[in-house]
Amino acid sequence: MISITGLRKSFGATTVLNGIDLEIRKGEVVSVLGSSGSGKSTLIRCINGLEKVDAGRITVDDFDVSKPRELAEARKRSGTVFQLFNLYPHMTAAQNIALAPVEVLKVPRKEAEAEARRLLQQVGLSERADAYPAQLSGGQRQRVGICRALAMKPSYLLLDEVTSALDPEMTAEVLSILANLAKGGTTMVFVTHEIEFARSISTRIAFLDKGLMIADLPTEEFFSEKGMALPRVAQFLSKMRKD
Amino acid sequence: MRYGDFTPYDLVLLLQGLGVSLALFVSTTLIGLVIGTLWAVIRFYRVPVLAQLVAFVAELLKNSPVLVQLFLVFFGLPAFLKINVTPTQAAIITLSGNSAAFIYVIAVSAIESVGRDQLEAARVFGLSRWQILRRVIAPQAAAFAIGPLTGLLVNQLQVTSLISVIGVMDLTKVGNILNLRTLKPFLVWTAVGALYYIAAKLVAHAGARFEKRLRAHTAWKGL
Amino acid sequence: MKFDLSIIAKHIPFLLEGAWLTFQACLLAIIGSLVFGLLVAAARTSASPLLNRLSAIYVDIFRNIPFIVQLFFFYFGLPEIGIYIDAFTTGVIAMSVAGGAFTSDVVRSGILAIDPGIIEAAQVSGLKKSTIFRKIVMPIALRASVRPLGSVFINLILTSSILSTITLNELTGSAKIVASQTFRPFEVYFVLLVAYAALTWFVSILIGMLHRHLNRNQAEGAV
């Protein structure tokens with residue numbers, strides 16, 4: 001379980017997260033929605049310890065991410081996929097995926113490489129295992145990014161606007177993979193702009209606005225009168241649908 | 001004066017050496033600036049043969065040790081041309097030529113930094129090549145070149161130390177003399193190094209200030 | 001006097017011996033510069049303010065003092081504190097220390113140019129700091145630094161001529177001897193100048209090849 005209580009985070013004078021409580025249990029797919037600048041990405045960056053929190057507590061399977069020793073354990077349990085892929089440019093797709101299993105989990109290199117190829121096959125990239133990131137399209141890079149996160153066999157997958165940098169066709173490639181993962185029971189925290197997709201795969205929707213969590217509802221409820229009763233949510237949904 | 005000890009006069013000696021170093025630095029930089037810019041203009045006008053020759057000589061000077069250039073001028077020229085070349089003359093010829101080569105390279109890339117569209121626009125207005133060079137390219141190229149030029153000058157200041165090898169009484173030569181007389185190498189070379197360091201910092205500082213002024217001049221100041 | 005290169009012919013084996021010494025000194029100094037440079041670059045980009053400060057001071061000092069002064073500092077200074085090493089070793093040490101300052105600057109900017117997102121990806125995947133440095137930061141920074149590092153190393157080759165001033169008969173030192181034996185300094189130093197230029201030209205071609213080889217998979221759209 002990922003448990004977030006009373007999370008506060010500011011950058012200088014700007015408060016980005018202003019007291020967030022959220023729990024993500026195994027098997028859930030929680031989509032985090034909200035307009036740009038609402039603090040969605042910062043939330044993910046707090047969970048994986050890339051940002052230090054100002055107040056509050058985040059635990060991943062009871063490991064407190066604010067403690068360096070426990071952060072290492074917490075990070076082993078969660079995998080992050082980034083908006084801009086952040087692949088290692090000097091390594092092939094397979095090497096990108098196998099690096100952390102070899103170095104962190106001490107999996108023998110041969111085994112890790114074989115696993116990497118198996119993962120790449122699952123996302124339809126078995127032909128590109130030995131290609132370098134610069135030789136891949138955006139959608140292909142992001143699929144490698146997903147494999148890299150999955151290779152660590154994480155209990156939780158953290159997805160930070162993973163399709164924002166992709167054109168619609170590539171977005172579809174990536175989303176279909178995520179849909180498969182959701183069906184397979186992977187726990188996910190999904191920060192996104194893809195409302196319709198979030199609706200189709202999520203068990204729950206969390207809605208952030210100006211650093212506050214103003215809705216945390218099961219998916220059907222969020223998209224029913226209950227969600228629409230919240231002015232900010234209604235406004236957001238109508239605006240996003242118009243776009 | 002007991003042989004081996006430092007005397008107050010040594011300080012004067014050091015400052016004299018520094019003066020010689022700086023004087024040669026400034027004069028050869030100015031000569032190098034004129035020659036290097038001239039070479040760049042030759043290239044800009046694509047003067048046949050001369051442009052290629054200039055590029056080749058600059059390449060040769062940039063890619064060979066200054067010490068060897070210095071030996072060629074100081075030992076080689078007198079033997080070859082049967083002329084007299086004093087250490088100071090050799091130093092001025094060598095350092096000027098070396099600076100010119102590097103300034104040529106900076107000037108060429110500064111000229112090339114000015115967009116081709118601007119040149120075409122100027123040509124459409126009927127400006128001559130010389131007018132384009134003076135009115136359009138030169139001001140922009142100067143602003144572009146000042147940064148790399150400052151880096152070069154800091155480097156050329158240090159290069160002057162090599163002329164001590166052919167006997168010019170510069171700061172390094174004074175260091176040599178004091179080193180031999182006092183047998184206190186750490187002290188002597190630290191003092192010499194410190195003086196060079198301060199001079200280098202002053203050059204870098206002056207360059208930065210000059211650049212700021214130049215940029216302030218070209219920057220948009222509003223209406 | 002006519003330009004006559006044939007006189008040098010019989011001295012070529014002797015000059016080649018000098019060239020061999022230059023080659024050894026440069027190779028060792030390049031290795032030394034890389035070792036110093038990488039360590040200092042690591043210190044300069046580390047989270048420790050003290051290491052930051054110390055490494056910045058090292059770079060600042062050795063970049064702003066002429067190499068010949070540094071060389072004399074070591075050559076005359078080390079025996080004073082009881083360290084007796086030969087001219088060759090002294091030269092290699094001095095070149096490594098000076099070259100290290102320049103190398104660290106290049107590597108440092110290579111490190112600072114890395115997309116922070118790439119480092120974050122490595123961090124969240126649980127890699128240790130040392131692993132990230134070895135497997136991610138260094139390979140990326142060094143690939144990006146091949147060309148500027150090449151310039152540093154070419155400069156080092158040119159700088160090695162200064163070792164002739166501490167009695168080391170490397171290429172320039174040997175040429176001095178040949179010049180005084182043949183009484184043909186112009187021819188000798190001219191050949192020497194061309195030889196150095198050819199050598200650095202050759203090295204720069206090698207560096208270009210290395211750069212293309214190491215970055216062959218990094219170009220966008222390359223398949």
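**Reading a helix pair in chain C**

Biologist: In which sense, left-handed or right-handed, does H8(C) pass H10(C)?

Modeller: A crossing is right-handed if the near helix is turned clockwise from the far one by less than a right angle, and left-handed if anticlockwise. Here, H8(C) crosses H10(C) in the right-handed sense. This is a predicted model, in which local features need pLDDT of at least 70 and side-chain atom pairs pLDDT 80 or more, while totals for chains, interfaces and linings use all residues. Residues are numbered from 1 along each chain as its sequence is written, with chains lettered from A and ligands numbered from 1 in the order of writing.

Biologist: At what angle do helices H8 and H10 of chain C pack, and how far apart are their axes?

Modeller: Two packed helices are described by the angle and the distance between their axes. Helix H8 (residues 146-159) and helix H10 (residues 185-214) of chain C pack at about 160°, their axes 10 Å apart. The pair is therefore roughly antiparallel (angle over 145 degrees).

Biologist: Which residues make the contact?

Modeller: Contact requires C-beta atoms, placed from the backbone, within 7 Å. H8(C) contributes C:Val146, C:Arg147, C:Gly150, C:Ile154, C:Ile157 and C:Leu158.

Biologist: How many helices and strands does chain C hold?

Modeller: Helices are DSSP runs (H or I) of at least four residues, strands (E) of at least two. Chain C has 10 helices and 0 strands, and its C-alpha trace spans about 70 × 55 × 25 Å along its principal axes.

Methods. Axes fitted to C-alpha atoms, helices over the stretch in contact; angles between N-to-C directions. Parallel < 35°, antiparallel > 145°, perpendicular 65-115°, else oblique. Contact = placed C-beta atoms within 7 Å.
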